Amino acid sequence: MRVLIVEDDRKLAEFVMRGLRAERFAVDHAADGREGHGLLNTYAYDLLILDLMLPQLSGTELLRSARGSHPSLPILVLTARDATEDKVRQFEAGADDYLTKPFDFAELLVRIKALLRRMPVERAEVLRIADLELNRLTQQVRRDGQRIELTAKEYGVLEYLLSSPGRVFSRTMILEHVWDQSFEGVTNIVDVYVRYLRRKLDDPFALKLIHTVRGVGYCVRADEAHGDSTRG
Amino acid sequence: MNHRSLAFRLAVWYALLLSATFALVGTGMLLGLGQYLRSSLADSLQRRSTQVEQILAQAPAGVSDAAIAEAINSRVAPEFNNRFVRVTRLPASLVYRSGTPADRSFDALAVPALAPRSAPFRGIVQGGTAGHIQRLVLSATPMATASGRYLIELGSSLDSIEALQERLMRLLEMLLPALVICAAPAGYWLVNRALSPVDRLSQMAAQMSVQNLEARLPVVPSGDALQRLSIALNHLLTRLRDSVLSSRRFLADASHELRTPLTVIKGELQEINEHPKVPGEARDRIGSVLEEVARLEHLVAGLLVLSRLDAGEVQRECVDVDLAALATSTADQMRLLAEDRGVQLQSPVLPPVIVRGDRARLKQLIVNLLDNAIRCTPRGGVVTLQSVTAESRNVLEVRDTGMGIPPEALPHVFDRFFRVDAARSREDGGAGLGLSIVKSICIAHGAEIEVDTALGKGSCFRVKFPSIPAGPRLRLRDPGS
């Protein structure tokens, strides 16, 4: 899979490229719109990651021309959530997805994989890890065969964490997925819900499933391998 | 009425000056009239005196006193003309004395005799009985004729002149207060009328807000100080707009520029932390740095929200929203947060309260108010959220039983980065932007926000929304969506 990232901030581009290469993507980088335009018309890419604020040729212009010349190319737009966000909305037909800065790399990876349909969004009916079982149809959660009653938000948090076991979800990702943007800035609502979730899911059992990764967020894992997870 | 107002003071000065002028003119009139009447009376006495002189001069020697009296009575008719006439043949023999005048203004018999003299006399004599003093203007003219030397005295009562003066005086005394009573309100009205363009200017200036930076005052085309004032105010508004816009741009640019480096810092640190070879202690310290990054992120997000609200970019949608339902559903989402802090969150289910605005922003307003209330309330306290219609206005009320706001902090609670208790709330991770975002959302929705607070007992934040103008409902959305 070959990805082109058009981003004028060198460090941000390097960081994203390194992460993507670790995920075995082939990544090219263009630092401005004109270079991006050139690369796009030279090589065949599977995905375009585009910053909207670019020197030379603006991101929106590049988006328009790329959409014209490559109708089926998935395009992910990066934006700082300012007035251009509304422009992004106008270009939603042109961009397949957009992500606002500052973003988590994990979130970027989820979006990329979804766009590339390499990893279709997990819609398994039953999510399992160790002896924990979550049924998406009945919205029932069982551990060790015992039914555990969860509130709607607790269920939402758990379902999100279980959608990709082992991956760390940041508080912002959880907040935006389970709540909405109104709660951004409300200090510790995610922590409170995770604590209640733990009280119901982990406290009665020896094997702890929900782990805190300090400064990053939470993940669900069955092993006690690396991470030295601490209870927050 | 404001006793220090310009209009009041000008009206008082106006009334005082007008009264002084009137009093001066009145006094002058009174004196001048008296002078005129006296001199015309003296003239008339002089004429009569001349007539008597002619009678005496024409009388042949040895004429009888009765003939002289007859002539004076027929030609001068003193009683009929209310005049006093006395002719004395010098040294002291009375030839003629007029009788009681028609208007009975004096008693002829009581007029005192003048000392014999050779020079003419003109003046006022007093006489009469103890009970009735009469004053007369008397002119005495000595003359020598063929029939002997005579003293002709002619007089007239001053009563009528004095009565006239007195009546004029009474009239002026009545007119003066009436004039003041009329002049003061008239002056007040005039001054107010003259000041009304200034009043309109100040009213319009008071309605100016940072929400409408392009509004300007109408220029009063008077060519005087008023026109210069309105032009100067408009220049001031233009400079204010420029400065507000540049500070907004700075805020927007700053929060925008911070986002990319934040992404890099966060990403790099997270990547390092996921590396298996990183020792536990370092991992913990990086985690601590990441927590600070998260706080920076919140801060930047808050600043961005504010800068977008500043730019008037709120009303991305304008729909009718059921505030009561929105409040209840938001409270349900935050109940656990409150319980975690040992605070009871009450949000009674109430009948719909419809306000117009941007749903997401209204929700953010409720979330921030609740977050603030929950954080300010100690364990065991109660936070109550309700929306009601009071005095035809839709009101959202968030009441807590927290520590209250000290009076000196009250004017600043909506300021950016302001914290009542800096140390404590920084620990909580609050950036001090929540309430200023609330304030900005209120302004964008034309709502007013008030705070009632009692130190140690709690605070109550009340958001009063404007009533919705009559007309069709703007698509009312399901509050649960």
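Student: Hi! What covers the buried residues of helix 10 of chain B?
Tutor: This is a predicted model, and in it the cover includes helix 6 (280-310), helix 8 (359-376), strand 11 (448-454) and strand 12 (458-465) of chain B.

Student: And how many residues of that helix are buried?
Tutor: Helix 10 spans residues 434-444 of chain B, and ten of its eleven residues are buried, so it counts as mostly covered. Among the buried ones are B:Leu435, B:Ile437, B:Val438 and B:Ile441, along with B:Lys439 and B:Cys442.

Student: Which residue with a positive phi follows helix 10 of chain B?
Tutor: That is B:Gly446, with phi near 65 degrees.

Student: Okay, switching to cores. Which residues have the most contacts inside the largest nonpolar core?
Tutor: B:Leu370 and B:Val383 do, in a core of 85 residues. At least three residues come from domain 2 (225-310) of chain B, and at least three from domain 3 (316-477).

Student: What does B:Val383 touch?
Tutor: Leaving out residues up to four places away in sequence, B:Val383 touches B:Ala338, B:Val343, B:Leu345, B:Leu370, B:Ala373, B:Ile374, B:Thr377, B:Val398 and B:Asp400. So B:Leu370, the other residue named for its contacts in the core, is one of the residues that B:Val383 touches.

Student: Which residues does the second core include?
Tutor: That separate core has 28 residues, and A:Val3, A:Leu52, A:Ile75 and A:Ala95 are among them. As background, nonpolar side chains tend to be buried together in soluble globular proteins.

Student: Let's stay on chain A, then. Is strand 1 of chain A mostly covered or mostly uncovered?
Tutor: Mostly covered: strand 1 takes in residues 2-6, and four of those five are buried.

Student: How many bridges join strand 1 to strand 2 of chain A?
Tutor: Five, with strand 2 covering residues 26-30 and the two strands running parallel. One bridge pairs A:Val6 with A:Ala30 in strand 2.

Student: How many helices and strands does each chain have?
Tutor: Chain A has eight helices and twelve strands. For chain B, the count is ten helices and twelve strands.

Student: One more residue: why does B:Gly26 count as partly exposed?
Tutor: Because B:Gly26 has 17 C-beta neighbours inside 10 Å, and a residue needs 20 or more to be buried, or 12 or fewer to be exposed. B:Gly26 sits in helix 1 (residues 6-58) of chain B. The C-alpha atoms of B:Gly26 and B:Leu176 are 9.2 Å apart, although the two residues are 150 apart in sequence.

Key
Residues are numbered from 1 along each chain as its sequence is written. Chains are lettered from A and ligands numbered from 1 in the order in which they are written. This is a predicted model: local features need pLDDT of at least 70, side-chain atom pairs count only at pLDDT 80 or more; totals for chains, interfaces and linings use all residues. Helices (H or I, at least four residues) and strands (E, at least two) are DSSP runs, numbered from the N terminus. A nonpolar core is a set of buried Ala, Val, Leu, Ile, Met, Phe, Trp, Tyr and Cys residues joined through C-beta atoms within 7 Å. Domain bounds come from an automatic or database domain assignment. Two residues are in contact if their C-beta atoms, placed from the backbone, lie within 7 Å. Two strands pair if DSSP finds at least two bridges between them.
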